[in-house]
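Biologist: Could you walk me through this protein step by step? I am new to reading structures, so please take it slowly.

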Amino acid sequence: MTAEKGVLIVDDLELNRILLAEIFKGSYRVFEAGNGVEALELLRRETPRIDMVLLDIVMPVMDGFETLAVMREDAGLSGIPVVVITAGDDPDDEIKALNLGATDFITKPFDPRVVISRVRNIIERREIDEIKLENKMLRRQTLAQVQLQAILDNMIGGVALIEFSEQPHAIYMSPGFYSLTGCSKEVFEAHKDDFFFRVHPDDRPKLEAEIKAGMDGKAPISCEFRVIRVDDRPCWAHVQGIKISYPDSPHPVMIMIFTDITNEKENERQLMEANAELRYMAYHDSLTTIFNREAFSEMTSAMLRNNPDKEFVLICCTSQQNLDS
């Protein structure tokens, strides 16, 4: 388990480094530095390969306390465990080292068995902490994915992630999307090279132009189109979409939300027909079906307003029967 783990020995005395390196030989990858400056350079260069530091306190150039202080302020180094080794027995030194972030403290002369046991325990504890953190992050990520999946699966309407390479094809389609089109997942997989095969041919150029503009300009798209359902039921859909960053795809990706607007379109049609009927009734005689006085007045006013430089003659025709009466 520890064969790939690395230990950095920082001591100005070569004999001490040799002794400690011999203790860890065969169990850990050993790095050496003669002072704090060398140690920091080595740590920054080999950060992923160094799992803990054995640090002497009394050293030239930069001592152990200064090294600890720099490591504590460096986000990339502050998480590496440090065991301080010193020949002194001053408790203030131990307190100072611990306050600066040291994990443990060993006094010289030391028992090699104690050193190897403490190093092993610290590295194994760090491994366990890292595994716990990874598991926690994985649980959070998994929970977020489950929650997102639940939202997408239960949205009113359909959601699709579309990848645009040579031909657009779906990375993901929600159950609501299949329901909107009336097609099963298997049918869409059979037409994976033509994602828009269920769009009405007359509406497809408009939709494709809207999508192209959205992909080129990164602006949201909004478009209405008719859907050719499997059961031939009339269906209108409204799509909104936007280009997104999708690290799992080398090609541009757009997220698109499809909403069934068939009822709205039918209500709109009925309203237009009702308005047309009311307008017809307002401008036509119910008996003869020809334009009535209201229509004549409105049309005449418009003609005069649009032709201010022209002169017109008004001719009124009445029946003889009306004159006799």
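Biologist: How many cavities of 30 Å³ or more does a search of the whole structure find?
Modeller: Please keep in mind that this is a predicted model. Rolling a probe the size of a water molecule over the atoms shows where empty space is left. With a threshold of 30 Å³ or more, the search of the whole structure gives a cavity count of two.

Biologist: Which helix gives the most to the lining of the largest cavity?
Modeller: The largest cavity has a volume of about 90 Å³. Its lining includes Phe177, Leu180 and Thr181, and by class it has nine nonpolar, one polar and one charged residues. With three residues, the top contributor is helix 6.

Biologist: Which strand gives the most to the lining of the second largest cavity?
Modeller: About 50 Å³ of space lies in this second largest cavity. At least two lining residues each come from strand 1, helix 1 and strand 3. The lining as a whole divides into seven nonpolar, one polar and three charged residues. The top contributor, with three residues, is strand 3.

Biologist: Within what arc do the buried residues of helix 1 fall, seen down its axis?
Modeller: Let's start with the helix itself: the buried residues of helix 1 are Asn16, Arg17, Leu20, Ala21, Ile23 and Phe24. An α-helix has 3.6 residues a turn, so residues three or four places apart point the same way. The buried residues of helix 1 line one face of the helix, because seen down the axis they fall within an arc of 155°.

Biologist: Which exposed residues sit on the face of helix 1 turned away from its buried side?
Modeller: Two of the buried residues of helix 1, Asn16 and Leu20, also line the second largest cavity. The face turned away from that buried side carries exposed residues instead, namely Glu14 and Leu15.

Biologist: How many residues of the lining of the second largest pocket come from strand 7?
Modeller: This pocket has a volume of about 200 Å³ and is lined by 12 residues, with Ala170, Ile171, Met173, Tyr178 and Glu189 nearest its centre. Strand 7 and helix 7 each supply at least two residues of the lining. The largest share comes from strand 7, and the number is five.

Biologist: Is the ring pair of phenylalanine 177 and tyrosine 178 stacked or edge-to-face?
Modeller: The search of the whole structure finds four aromatic pairs. In this one, the ring centres of phenylalanine 177 and tyrosine 178 are 6.4 Å apart and their planes are at 75°. Planes over 60 degrees apart count as edge-to-face, so the pair of phenylalanine 177 and tyrosine 178 is edge-to-face.

Biologist: How many residues apart are phenylalanine 225 and phenylalanine 258?
Modeller: The rings of phenylalanine 225 and phenylalanine 258 have their centres 6.3 Å apart and their planes at 90°, so this pair is edge-to-face. The pair links distant parts of the chain, with phenylalanine 225 in strand 8 and phenylalanine 258 in strand 10, and the separation is 33 residues.

Biologist: Is phenylalanine 258 buried or exposed?
Modeller: Phenylalanine 258 belongs to a cluster of ring pairs with Phe177, Tyr178 and Phe225. Buried means under 20% relative accessible area. At 3% relative accessibility, phenylalanine 258 therefore counts as buried.

Biologist: Which lysine lies over the face of tryptophan 236?
Modeller: Elsewhere, lysine 96 lies over the face of phenylalanine 65, at 4.4 Å from the ring centre. For tryptophan 236, the distance to the ring centre is 4.5 Å, and the residue over its face is lysine 265.

Technical notes
Residues numbered from 1 in each chain as written. Predicted model: local features only at pLDDT ≥ 70, side-chain atom pairs only at ≥ 80, totals over all residues. Heavy atoms only, no water. Buried < 20%, exposed > 50% of the residue type's maximum accessible area, 1.4 Å probe, protein only. Helix = DSSP H or I, 4+ residues; strand = E, 2+ residues; numbered from the N terminus. Arc of directions from axis to C-beta. 1 Å grid on protein atoms, 1.4 Å probe; cavity = no way out; pocket = protein on both sides within 12 Å on 5 of 7 lines; lining within 4 Å. Points joined across faces, edges and corners; volume = space filled by probe spheres on them. Nonpolar A, V, L, I, M, F, W, Y, C, P; charged D, E, K, R; others polar. Phe/Tyr/Trp six-rings, centres within 6.5 Å; stacked < 30°, edge-to-face > 60°. Lys NZ or Arg CZ within 6 Å of the ring centre and 35° of its normal.
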